[in-house]
Amino acid sequence: MTATPVLVLLDHAADGTLRPPVRELLTLARTVADGAPVHGVWAGTADVAPALPVLAAQGVAAVHRLVADADPHLSSVVADGLGQLLDATGAGLLLLVSSFESKEVAARLAVRTGAGVVTDADGLEVVDGRLVALKTVLAGTWSTRCAITTPVALVTVKANAVPAADAPAPTEPAVVDVPVQVSATSRRVQLVERTERPASGRPDLGSAHVVVVGGRGTEGDFSPVEDLADALGGAVGATRVATDEGWIGHDAQIGQTGVTVAPRLYVGAGVSGAVHHRGGMQASGTIVAVNADADAPIFEIADYGIVGDLFTVLPQAAAEVRRLRAQG
Amino acid sequence: MRIVVCVKFVPDIQSDRQLGPDGRVVRDLGDGTLNELDENAVEAALTLAEEHDGEVVVLTVGPDDAVDAVRKGLQMGAAQAVHVLDDDVAGSDAIGTATVLAAAVRHLHAAEPVDLVVTGMAGLDGLTSLLPTALGELLDLPSLPLAARLTVDPAAGTVTVERQLDHASETLTAPLPAVVSVTDQANAPRYPNFKGIMAAKKKPVTTLTLADLGVDPATVGTAGARTQVLAAAPRPPREDRVLVQDTGDAGTRLAAWLVEQKLV
């Protein structure tokens, strides 16, 4: 790779705080930038100030704040701004977190700029001057290495792909406003309404290091699942059955059509391990399964399986984790 | 109202799916099927066509047996099917596939105006979710992805979708024609009944090539792909696996194991 800047789209909450995977993206960006500057891109009307200490610690050279006279939540408007920035900075790589919104932005940019795109990467390397993305496919059962053969590369990176680390030397990132030329295409879609989901007090499901999941076996009682999640400082997820039954919100659904997770630790309680669910969690670091049915398919992929009643096993585990933690 | 539904033929996710040495999904295992998430797209299109006196055309790009995917669409109630079949399409990435589909939609639109293009939210093989938005860009139409609810106002000539994102829910609206993708929350796909299956046998499947569509083969397939798979390998099996039957202390033992593994 030539020493062109790397751009990182800075995913953030409405209050201006960066979402946790952004630090991982910036760390990865520095690794592949090999000394070239890493630039952040800020889309939306939120105040950038709360993010600046993290960006400084990550060694970010500059933050480009997209300013548009159109709704900044529309992926087309974000793509308008990023397209301009790719041209203006000569950047060869844009990293985005792997969210549905990012994939919309990447798809638009790929068509507009001719860039190659890899989604859901779990690693990125430079080999013989070429960018190579690592990706787990087919429901977590295969690993691939994929070179991007175009001058500009767009990569969406899964949460927990790399451990975040601060830069050796902090920076004082300059914040630069970028007036976006909003395309006629962008103006045809209208955002009628947008409601931010309230924060749960637990980590975000998509980026949590620990996820505890309840399935059919909970019979609608998620309290042991929540208890263990809280003891482990993790997020709560659910299977399709549990969300369809209305036991928990649809946004908790893990699977190929729900949230895809790859935490360091996944605990499935009363989860059978249907193929749709496995597609959303099989790339997890360590898999623990608790199920009364010894024939549940999830045991085939579990590092630690317990054939037992989740209503006794989970509270006992939560209590023991708290006891061991208190001991230090 | 004329609606085109783009569908994909994929290996059945219940089957033992594999990648070949070229990094492509092995498609000759004989258990391919209509991408399950595209059944929601066909259902959404059929429902809209029933509400607004319309017609549904199912469209696919793929090898010989991909015709099975559009046949399923015909059995569900689509009136017409189009299969883009060309060796030069093989190896297309999401943008390449979108390029071929966009050309096919333009071809259909030239014959008779297309009001709406509907797709599923993702293909259960590649799962990139890039196609619907890329298709909208290529057609220079508004794209409204991930509809959990979808309504069309024929008088106003608009389409409106409600969608759930990771951190927010949104309502988007745009003038027709437009491209919409639907999620598996949008509806419950109908099963083809006997009548539908028999009727489908009489319905036309038009086969088109890249030449018919005026697509330069260099822009699609392996030739036009912007990424190249260098290596593909099954993930190694997990080692040191533990399976215990709870005899009263499994929760305590799990906690100790998590500490030992430095996961707590």
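Me: How many residues of chain A and of chain B take part in the contact?
Reply: Chain A gives 88 residues and chain B gives 78 residues. Keep in mind that this is a predicted model. The area buried between the two chains is about 7,300 Å², and carbon and sulfur atoms give 56% of that area.

Me: Which residues of chain A lose the most area to chain B?
Reply: Those are Leu138(A), Trp142(A) and Tyr304(A). Together they make up 10% of what the chain A side buries.

Me: What makes Glu104(A) and Arg163(B) a salt bridge?
Reply: The cut-off is 4 Å between a side-chain nitrogen of Lys or Arg and a carboxyl oxygen of Asp or Glu. In this pair the closest N and O atoms are 2.6 Å apart, so the pair counts as a salt bridge.

Me: Why are H5(A) and H8(A) called roughly parallel?
Reply: Helix H5 (residues 223–232) of chain A and helix H8 (residues 310–327) of chain A pack at an angle of about 20°, with axes 9 Å apart. Angles under 35 degrees count as roughly parallel, and therefore this pair is described that way. The crossing of H5(A) past H8(A) is left-handed.

Me: Which residues meet there?
Reply: From H5(A) they include Val225(A), Leu228(A) and Asp230(A), and from H8(A) they include Phe311(A), Leu314(A) and Arg322(A). By class, the contact has twelve nonpolar, no polar and four charged residues.

Me: What are the angle and axis distance for H1(B) and H2(B)?
Reply: Helix H1 (residues 36–51) of chain B packs on helix H2 (residues 67–76) of chain B at about 35°, and the axes are 10 Å apart. H1(B) passes H2(B) in a right-handed crossing. Glu39(B), Val42(B), Glu43(B) and Leu46(B) of H1(B) touch Lys72(B), Gly73(B) and Met76(B) of H2(B).

Me: What makes one residue of that contact polar?
Reply: The contact divides into three nonpolar, one polar and three charged residues.

Technical notes
Residues numbered from 1 in each chain as written. Chains lettered and ligands numbered in written order. Predicted model: local features only at pLDDT ≥ 70, side-chain atom pairs only at ≥ 80, totals over all residues. Heavy atoms only, no water. Axes fitted to C-alpha atoms, helices over the stretch in contact; angles between N-to-C directions. Helix = DSSP H or I, 4+ residues; strand = E, 2+ residues; numbered from the N terminus. Parallel < 35°, antiparallel > 145°, perpendicular 65-115°, else oblique. Left-handed = near helix turned anticlockwise from the far one by under 90°. Contact = heavy atoms within 4.5 Å. Nonpolar A, V, L, I, M, F, W, Y, C, P; charged D, E, K, R; others polar. Buried area = accessible area lost by both parts, 1.4 Å probe.
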